[in-house]
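Me: I would like to go through this model and ask what stands behind each term used for it. Please keep the answers plain.

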Amino acid sequence: MTDDSSGTRATRRWIPGRRAFLGGVGASGLATAATIFGQATPASALVNAGCCTLCFSPSHTVAQCETGQYYVWSCPYGSQFLYCNCCEHGASGDNCNHVTYSSYSCQY
Amino acid sequence: MVLVVFGVALLVLAAAMVVLFAMMGELASRVPGPSTTRRDATVRALDEAQLGSVPSSWPPGLEAGNGNGNGNGSTVLLVLSTICATCADIATQLTENPGHADWGELGVVVSTSNQGRGNDFVARHGLGAFRHFVDTGGDWVSDQFGVRVSPTALVFTAGRLESAYVFYDVAALRAKIKKEREDRQMQREDSQMQKEPT
């Protein structure tokens with residue numbers, strides 16, 4: 001009885017070490033494979049604010065944004081009657097290249 | 001000598017197998033399990049939509065859905081925006097989680113600040129498999145229907161905007177549209193029965 005319990009304790013002490021070792025081997029292998037064969041996806045610099053996905057962190061008011069060339073769109077946010085206005089100023093070029101700043105505001 | 005070479009090769013092979021299985025185990029531990037995300041099944045009417053509108057023109061890519069191309073004259077346009085965070089999830093629902101490729105009357109309008117960003121959105125989410133139109137500035141959908149909100153669904157019958165909804169779950173939206181159509185059909189049948197002489 002005593003031997004069985006001590007044997008069990010010995011087994012329990014050993015398994016985590018083996019798992020950690022194999023995990024380390026696997027992680028090292030994956031890291032090596034990722035380095036050799038992996039291709040990084042383009043970095044995404046988009047910013048989430050409310051229900052908006054913006055090119056930049058909001059820095060102006062929506063009223064300021066809605067001057068000149070801009071793109072403004074709304075989305076429902078969380079609660080049923082809360083809406084956010086998402087705005088990007090100077091959105092004439094491809095992607096975020098020509099966006100000068102972003103803004104948003106939410107209201108019921 | 002040959003035996004030693006074979007022995008070393010076998011040892012290397014065994015070590016490689018161990019590393020391979022360890023990598024598979026590590027990879028499996030990093031892959032998340034089946035998605036258990038519970039989406040908000042709320043589908044509510046979009047008050048600002050100009051119901052009854054008949055668009056003066058249909059943009060390229062959506063012509064087949066103008067009420068003449070799919071047999072029963074019905075179509076559903078999902079209005080997504082590149083600036084709307086929820087819209088990425090809606091696009092994912094359409095293509096892979098769970099996927100709605102069987103929704104024949106579906107068309108997708110991608111409202112965006114510029115064509116490049118809209119094209120990226122379509123490509124990234126695999127929306128090219130659906131009839132779609134990149135609406136720069138959201139001009140077409142806002143001019144024709146007064147809609148500047150996403151994600152929304154515009155339901156057409158015979159080319160006329162019959163109803164508009166804000167939604168989060170595509171499956172819930174489909175169920176809502178189906179029920180609404182069944183209710184309308186029953187109403188029509190009831191009114192016809194009342195008109196018929198007894």
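**Terms and what backs them**

Reply: Chain B has 5 helices and 6 strands. Their order from the N terminus is α-β-β-α-β-α-β-α-β-β-α. This is a predicted model.

Me: What makes the strands of chain B an open sheet, and in which order do they lie?

Reply: The 6 strands lie in the order E1-E6-E5-E2-E3-E4 (chain B), with mixed pairing. Strand E1 (43-45) and strand E4 (131-136) of chain B are at the edges with a single partner strand each, so one side of each has no neighbour in the sheet. Ignoring direction, neighbouring strands of this sheet are turned by 25° against each other on average.

Me: How do you know that strand E5 and strand E6 of chain B pair?

Reply: Two strands pair if DSSP finds at least two bridges between them. Strand E5 (residues 152-157) and strand E6 (residues 160-167) of chain B have 6 bridges, in the antiparallel sense, and thus count as paired. In one of these bridges, Thr157(B) has Arg160(B) in E6(B) as its partner.

Me: Which helix packs on this sheet, and what does the helix touch?

Reply: Helix H3 (residues 115-124) of chain B packs there, touching strand E3 (106-112) and E4 of chain B. The direction of H3 makes about 155° with that of E4(B).

Me: Why are the buried residues of H2(B) said to line one face of the helix?

Reply: In helix H2 (residues 85-95) of chain B, the buried residues are Thr86(B), Cys87(B), Ile90(B), Ala91(B), Gln93(B) and Leu94(B). Seen down the axis of H2(B), these buried residues fall within an arc of 155°, so they line one face. An α-helix has 3.6 residues a turn, so residues three or four places apart point the same way.

Me: What do the buried residues of H2(B) pack against?

Reply: They pack against E3 of chain A, and also against strand E2 (74-81) and helix H5 (170-195) of chain B.

Me: Which residues touch the most other members of the largest nonpolar core?

Reply: That core has 56 residues, and those touching the most other members are Cys86(A), Leu78(B), Leu80(B), Val147(B), Ala153(B), Leu154(B) and Ala164(B). Leaving out residues up to four places away in sequence, Leu154(B) touches Ala49(B), Leu77(B), Val79(B), Phe145(B), Val147(B), Leu161(B) and Ala164(B). Of the 198 residues of chain B, 33% count as buried.

Me: What makes up the contact between chain A and chain B?

Reply: Chain A gives 25 residues and chain B gives 25 residues. On the side of chain A that touches chain B, helix H1 (2-37), strand E2 (52-54), strand E3 (70-76) and strand E4 (83-89) of chain A each supply at least two residues. H1(A) has the largest share, 7 residues. By type, this side of chain A divides into 13 nonpolar, 10 polar and 2 charged residues.

Me: Why are E3 and E5 of chain A called edge strands?

Reply: The open sheet has 3 strands in the order E3-E4-E5 (chain A), with antiparallel pairing. E3 and strand E5 (101-107) of chain A each pair on one side only, which is what the term edge refers to. From one strand to the next, the twist averages 15°.

Me: How many bridges join E3(A) to E4(A)?

Reply: There are 7 bridges between these antiparallel strands, against the at least two that pairing requires. Tyr71(A) stands opposite Glu88(A) in E4(A).

Technical notes: Residues numbered from 1 in each chain as written. Chains lettered and ligands numbered in written order. Predicted model: local features only at pLDDT ≥ 70, side-chain atom pairs only at ≥ 80, totals over all residues. Contact = placed C-beta atoms within 7 Å. Helix = DSSP H or I, 4+ residues; strand = E, 2+ residues; numbered from the N terminus. Nonpolar A, V, L, I, M, F, W, Y, C, P; charged D, E, K, R; others polar. Core = buried A, V, L, I, M, F, W, Y, C linked by C-beta atoms within 7 Å. Buried ≥ 20, exposed ≤ 12 C-beta atoms within 10 Å, placed from the backbone. Axes fitted to C-alpha atoms, helices over the stretch in contact; angles between N-to-C directions. Arc of directions from axis to C-beta.
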